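Hello,

Here is the structure I promised to pass on. Please open it first, then read the notes below.

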Amino acid sequence: QVQLVESGGGLVQAGGSLRLSCAASGRTFSTYAMGWFRQAPGEERLLVAMITWSGGSTYYADSVKGRFTISRDNAKNMVYLQMNSLKPEDTAVYYCAASKSWLSNYDYWGQGTQVTVSS
């Protein structure tokens, strides 16, 4: 069992930065690949970034490549999403999720944190 709690969302101007954090409970955290998703109003939830259990490999959606960076600290049971050069279209609720697979089959989800980028 893994419980996930996101934090770090807020209101930022376009071009600014935010760092999202996801705190995980459970001794098996380091065995899960971790992903960040986002969901804007009226739209489907989409994968933004993902990182393997070791942190050795990452995936980014084309829309955030070069602007967002996912990282993890298994010693602290934490996953991060550094978001730079934010755009109004990045506005969404951001969720972290845990998976035993890669890019699919997410077993656990957090409650989400709101990110709002003003123009």
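**What I found**

C22 and C96 are both buried, meaning under 20% relative accessible area with a 1.4 Å probe, protein chains only. This is a predicted model: local features need pLDDT of at least 70, side-chain atom pairs count only at pLDDT 80 or more, and totals for chains, interfaces and linings use all residues. Residues are numbered from 1 along each chain as its sequence is written, and side-chain values use heavy atoms, with hydrogens and water left out.

A disulfide joins C22 to C96, S to S 2.0 Å. The rule is a pair of cysteine sulfur atoms within 2.5 Å. It gives a count of one disulfide. The torsion about the S-S bond of C22 and C96 is about 55°, so the disulfide is right-handed. C22 sits in strand β3 and C96 in strand β9, so the pair ties together parts 74 residues apart in sequence. Strands are DSSP runs (E, at least two residues), numbered from the N terminus.

Next, the core. A nonpolar core is a set of buried Ala, Val, Leu, Ile, Met, Phe, Trp, Tyr and Cys residues joined through side-chain atoms within 4.5 Å. The largest one has 31 residues. L4, M34, W36, L81, M83 and Y94 have the most contacts inside it. Strands supplying at least two residues of this core include β3, β4 and β9. Another core, of eight residues, lies apart from it, with F37, V93, A97 and Y106 among them.

Which residues does Y94 touch, not counting those up to four places away in sequence? Among them are E6, L20, W36, R38 and V115. Contact means heavy atoms within 4.5 Å.

Best wishes

Methods. Buried < 20%, exposed > 50% of the residue type's maximum accessible area, 1.4 Å probe, protein only. Helix = DSSP H or I, 4+ residues; strand = E, 2+ residues; numbered from the N terminus.
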